[in-house]
Amino acid sequence: MADKTDALLTDYYSGVIDTKILLRRAELQWRPNDDNAGIKPLNKHTRPLDDLLARYEADSILHELTSQDEAIKRLEMTFNAETRQIVQMHYDRRSRLSWAIISMRINLSERTCRTYQKAFKDSVAEAFAELDIAV
């Protein structure tokens, strides 16, 4: 049965988290027009880049998405290349590979591939619990 960790890893390896980060940044860049059309206050500063960076830093949704992305990237580097390939093939929903195909491509048994995937998934869930990142 799929749980929140599986959904998070599927989103990560399918590129959904990166897309959500880009969309959120685009949302934060867009500002509605002022009610005072054509009238500029004299005491208002005009530093659009600083304002945009402040909005990025203050946004909790963007912060949570980037935390998830960075945590998985860091954790992924602690595993060997074979495990990373298995996890990537399993969770990437664009290719939708079965365990039989994954095991043939990696040249390991299905059971071993599932064991590697389970160990990776458990370490992600444990790391997210320790770092207090929402899944």
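A residue counts as buried when its relative accessible area is under 20%. By that criterion, nine of the eleven residues of helix α1 (residues 4–14) in this predicted model are buried, so α1 is largely enclosed by the rest of the structure. The buried residues are T5, D6, L8, L9, T10, D11, Y12, Y13 and S14. Their cover includes α2 (16–29), α4 (60–76), α5 and α7. After α1 comes G15, with a positive phi near 85°.

One of the helices covering α1 is α4, and the axes of α1 and α4 come within 11 Å, crossing at roughly 85°. Because angles of 65 to 115 degrees count as roughly perpendicular, α1 is roughly perpendicular to α4. On the α1 side the contact is formed by L8, L9, Y12 and Y13, and on the α4 side by Q68, D69, I72, K73 and E76. Five of these residues are nonpolar, one is polar and three are charged. The spacing within such a contact can be read against helix geometry: an α-helix has 3.6 residues a turn, so residues three or four places apart point the same way.

Apart from neighbours within four places in sequence, Y13 is in contact with E76, V87, Q88, Y91, D92, R94 and F120.

A further crossing involves helix α5 (residues 81–91) and helix α7 (residues 110–131), whose axes come within 9 Å and cross at roughly 90°. This angle makes α5 roughly perpendicular to α7. Here E82, T83, I86, V87, H90 and Y91 of α5 meet C113, Y116, Q117, F120 and K121 of α7. The residues of this contact comprise six nonpolar, three polar and two charged.

Helix α3 (residues 48–58) contains L53. Is this residue buried, partly exposed or exposed? L53 has a relative accessible area of 44%, and is therefore partly exposed. Although L53 and Q29 are 24 residues apart in sequence, their C-alpha atoms are 9.5 Å apart in space.

Terms used
Residues numbered from 1 in each chain as written. Predicted model: local features only at pLDDT ≥ 70, side-chain atom pairs only at ≥ 80, totals over all residues. Heavy atoms only, no water. Axes fitted to C-alpha atoms, helices over the stretch in contact; angles between N-to-C directions. Helix = DSSP H or I, 4+ residues; strand = E, 2+ residues; numbered from the N terminus. Parallel < 35°, antiparallel > 145°, perpendicular 65-115°, else oblique. Contact = heavy atoms within 4.5 Å. Nonpolar A, V, L, I, M, F, W, Y, C, P; charged D, E, K, R; others polar. Buried < 20%, exposed > 50% of the residue type's maximum accessible area, 1.4 Å probe, protein only.
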